[in-house]
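Below is a note on the assembly, written point by point. Please read it with the structure open.

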Protein chains: 4
Amino acid sequence: MTNTLTGTHPLSGQEVLIDQLRECGRLFHSRGWSVGTSSNYSVVLSNDPVELAVTASGKDKGRLEQTDFVHIGADGSPIETNQPKSSAETMLHVVLAEQPEVGCILHTHSVWGTLLSDHFFEQGGFDIEGFEMLKGLEGIKTHEHSHWIPVFENTQDIPMLADKVRERLDDPMEPMTHGFLIRKHGLYTWGKDVFSARRHIEIYEFLFECVARKIGMPGI
Amino acid sequence: MTNTLTGTHPLSGQEVLIDQLRECGRLFHSRGWSVGTSSNYSVVLSNDPVELAVTASGKDKGRLEQTDFVHIGADGSPIETNQPKSSAETMLHVVLAEQPEVGCILHTHSVWGTLLSDHFFEQGGFDIEGFEMLKGLEGIKTHEHSHWIPVFENTQDIPMLADKVRERLDDPMEPMTHGFLIRKHGLYTWGKDVFSARRHIEIYEFLFECVARKIGMPGI
Amino acid sequence: MTNTLTGTHPLSGQEVLIDQLRECGRLFHSRGWSVGTSSNYSVVLSNDPVELAVTASGKDKGRLEQTDFVHIGADGSPIETNQPKSSAETMLHVVLAEQPEVGCILHTHSVWGTLLSDHFFEQGGFDIEGFEMLKGLEGIKTHEHSHWIPVFENTQDIPMLADKVRERLDDPMEPMTHGFLIRKHGLYTWGKDVFSARRHIEIYEFLFECVARKIGMPGI
Amino acid sequence: MTNTLTGTHPLSGQEVLIDQLRECGRLFHSRGWSVGTSSNYSVVLSNDPVELAVTASGKDKGRLEQTDFVHIGADGSPIETNQPKSSAETMLHVVLAEQPEVGCILHTHSVWGTLLSDHFFEQGGFDIEGFEMLKGLEGIKTHEHSHWIPVFENTQDIPMLADKVRERLDDPMEPMTHGFLIRKHGLYTWGKDVFSARRHIEIYEFLFECVARKIGMPGI
């Protein structure tokens with residue numbers, strides 16, 4: 001059906017979701033969290049079997065187009081032909097999309113996250129506690145909470161890293177929630193929808209800046 | 001009456017005020033003071049008995065709509081039916097709105113405010129003095145002034161915190177003026193109208209950055 | 001003459017200059033150099049006798065209107081009736097406008113300038129040297145240059161401060177050029193036109209950040 | 001051919017490239033990397049013999065017009081008559097454009113780059129290693145890489161500096177790739193097209209901030 005006023009077709013459900021990711025890209029690029037074509041974003045079209053639309057490789061995140069996304073299946077391969085190459089980190093998105101109730105996965109690269117991921121690498125992660133802003137992470141109801149951010153070693157072997165991430169997500173003792181860092185690389189977080197995952201990015205970046213400034217400016 | 005050019009109705013007085021808060025939200029979100037759906041804002045429709053329009057819970061402050069505000073009475077409950085849930089901190093707005101001549105209350109979360117609120121918590125607050133920018137706080141006529149910012153302990157028991165705030169506002173010896181911080185949480189400030197309260201936010205954030213950098217960068 | 005397409009009148013020469021100041025305001029507010037209604041700007045309509053258009057007191061610099069400027073004469077008083085109150089610092093603009101070839105005066109308040117003005121107050125100012133960006137100050141042709149920024153004590157007695165500034169401008173041994181700081185207050189700079197004065201603001205702010213970070217982060 | 005809808009001519013190939021540089025200018029000015037009319041940008045129209053369009057001297061990089069570019073030949077002189085004066089650093093662009101496959105050269109001035117260029121001047125440059133973001137530099141496939149940024153002494157003798165740069169580009173043992181700094185001055189980088197060179201600017205600025213904060217905030 002064509003919109004008779006503008007001559008354009010109405011957006012499909014998938015196009016609406018991709019538009020939400022495009023807006024994330026504009027915001028995150030302007031904040032300095034997705035510069036230089038870094039980062040990748042996806043929306044989950046199905047959790048079981050996994051189907052998702054993920055950013056194509058090498059795109060400027062501040063100017064994403066509808067055609068800059070790839071339709072991917074449970075093995076990380078394109079479902080449709082004639083698509084652009086998907087991000088090298090697609091399998092991390094797939095593993096996160098296997099979790100029920102995950103609707104969107106966002107991966108960004110910030111200066112504060114990069115510095116913290118290196119600082120805390122040896123101890124495997126770090127706790128963030130006592131901040132009101134922790135309540136912005138889904139399900140956390142009070143600032144009297146301690147949230148652990150795991151840090152994984154960086155690697156170009158994404159399938160191996162994806163396996164490690166799956167293991168931590170499924171850890172029966174202490175399942176990983178909300179997000180993780182990769183050393184000198186960046187942040188992964190997720191949520192039930194784009195709105196929720198985007199909120200997690202903003203919350204994590206705020207908390208990372210608080211934690212990093214407190215470490216780096218000893219007086220304060 | 002319908003605007004014949006645009007087909008829209010002119011804004012009511014309350015809608016104009018809410019539009020001013022929406023613009024605050026866009027500004028504060030872009031500055032990083034209201035990210036991740038944090039913060040809440042209100043305009044006072046009546047001081048006695050208190051009636052105010054306050055942001056609904058969980059909204060993105062960079063994209064507030066007219067429908068993202070709740071009409072609240074003197075006990076912090078909605079006056080109208082079928083409204084969205086108001087912010088959890090509504091009673092703090094009510095207590096501040098009880099003060100005569102308060103027309104707008106703004107609550108934000110910045111990195112510098114968060115760090116200072118923790119740094120100075122043990123001593124109950126801190127003085128800001130000697131800055132020309134202090135003159136941006138209503139009624140202060142000279143930089144030769146010392147302004148005390150109280151810091152309250154953070155809590156999820158908002159009615160209890162509201163009582164403490166009311167007590168400090170009514171303190172016959174040293175009534176609290178202009179604003180206060182909550183530990184590792186954020187800033188409350190107010191003014192006779194949105195313009196004035198918004199100016200206070202900008203002034204406090206400027207001063208917080210000056211004070212925090214001076215503490216955290218000892219050489220300077 | 002009315003613009004037949006838009007129904008508006010073309011801008012007068014003075015209105016064009018004021019529009020250039022309004023654009024400065026939007027830029028400087030977004031950079032954090034003119035927040036909370038701080039700062040004031042003027043264009044010089046005549047150097048001898050002095051006539052200038054200066055920002056009215058208490059306006060949001062990010063949203064200046066044509067009507068937010070006051071027409072002022074050589075004694076700092078309004079030339080026309082029914083004008084808004086001019087900035088309290090108008091006499092500083094008048095003294096600077098007495099200099100031949102000064103067409104625009106800009107006064108801003110930044111965090112780095114505020115910190116440096118306090119740090120270097122006791123020694124009366126500080127040298128900035130060796131930076132390529134110094135060439136952005138009118139007439140400086142090489143980075144092999146040392147530029148002295150005087151720092152004046154802050155005061156609410158503007159006529160007295162204006163006298164001190166005039167004395168330094170007329171100093172036969174070492175006349176003050178380009179700009180000065182007022183302690184814990186802000187920067188004054190000027191130029192032959194709005195473009196030139198605005199460039200000086202941007203150059204000074206860049207250099208202030210370089211100098212202040214180098215002092216405050218001893219490792220770097 | 002005139003566009004019948006807008007009454008404008010379609011852009012020529014060169015105009016399209018210049019529009020891409022104008023957009024770089026808006027972005028870099030807003031980031032604080034090209035303030036105060038600093039910086040200069042060029043697109044290469046021919047590598048052999050060199051022809052390029054480079055920014056005219058003294059323009060505000062946030063508001064570049066099509067007419068703010070100069071058409072230059074292999075000796076750095078204007079090819080056409082009646083052109084504005086080209087940037088004083090034009091010969092550096094010419095030397096870089098002599099490299100085959102260089103389509104765009106960007107020169108910017110940031111605070112972090114300025115501080116690092118001074119900090120590492122004595123040792124002639126510095127290594128950046130282990131960051132995922134290094135993969136944003138053309139041809140680098142893994143974070144397990146060490147990238148050397150040379151730092152040249154600043155000078156107003158641009159032809160002499162251009163000779164030194166050519167020597168380093170042609171160094172048979174260790175040819176200079178991607179970019180270099182000039183002491184207390186700024187960054188030069190380049191790429192096969194505007195998109196690629198712009199990505200390099202964003203990548204370098206991100207990495208400079210990481211490296212400089214790590215040095216300047218010893219705790220982190």
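1. A polar contact is a pair of N or O atoms within 3.5 Å; within protein, one atom must be able to donate a hydrogen and the other to accept it, and residues adjacent in sequence count only if both atoms are side-chain atoms. By that rule, chain D and chain A share 13 residue pairs in polar contact, both residues being at pLDDT 80 or more. Helix 1 (13-31) and helix 5 (194-216) of chain D each supply at least two residues of the side that touches chain A. Helices here are DSSP runs of H or I with at least four residues, strands are runs of E with at least two, and both are numbered from the N terminus. Helix 5 of chain D gives the largest share of that side, ten residues. Divided by class, the side of chain D that touches chain A has nine nonpolar, four polar and twelve charged residues. Ala, Val, Leu, Ile, Met, Phe, Trp, Tyr, Cys and Pro count as nonpolar, Asp, Glu, Lys and Arg as charged, and the others, Gly among them, as polar.

2. The model is predicted: local features need pLDDT of at least 70, side-chain atom pairs count only at pLDDT 80 or more, and totals for chains, interfaces and linings use all residues. Residues are numbered from 1 along each chain as its sequence is written, chains are lettered from A and ligands numbered from 1 in the order in which they are written, and side-chain values use heavy atoms, with hydrogens and water left out.

3. How many residues does each chain bring to the contact of chain D with chain A? Chain D brings 25 residues and chain A 31 residues, contact meaning heavy atoms within 4.5 Å. The two chains bury about 2,400 Å² between them, 61% of it on carbon and sulfur atoms. Buried area is the accessible area (1.4 Å probe) that two parts lose on being put together, summed over both. On the chain D side, Glu132(D), Phe206(D) and Ile220(D) lose the most area to chain A, together 25% of what that side buries.

4. Three salt bridges cross the interface of chain D and chain A. A salt bridge is a side-chain nitrogen of Lys or Arg within 4 Å of a carboxyl oxygen of Asp or Glu. One salt bridge pairs Asp118(A) with Lys214(D), with the closest N and O atoms 3.9 Å apart.

5. The contact of chain A with chain B takes 25 residues from chain A and 31 residues from chain B. About 2,400 Å² is buried between them, 61% of it on carbon and sulfur atoms.

6. How are the copies arranged? Chain A can be laid on chain B with an RMSD of 0.0 Å by a turn of 90° and a shift of 0.0 Å along the axis, which is the relation of a four-fold axis. The copies are superposed by least squares on the C-alpha atoms of residues with pLDDT of at least 70 in both. In chain A, the C-alpha nearest the axis belongs to Met217(A), 4.6 Å from it. Only 12% of the interface residues of chain A are also interface residues in chain B, so the copies meet through different surfaces. No contact joins chain A and chain C, and their closest C-alpha atoms lie 9 Å apart.

7. Over all chains the count comes to 65 salt bridges. Arg63(D) and Glu23(C) meet in one of 2.9 Å, N to O. Arg63(D) lies in the loop between strand 2 (50-55) and strand 3 (69-72) of chain D and Glu23(C) in helix 1 of chain C, so the pair joins two chains. Arg63(D) is partly exposed at 35% relative accessibility.

Note on methods: Buried < 20%, exposed > 50% of the residue type's maximum accessible area, 1.4 Å probe, protein only.
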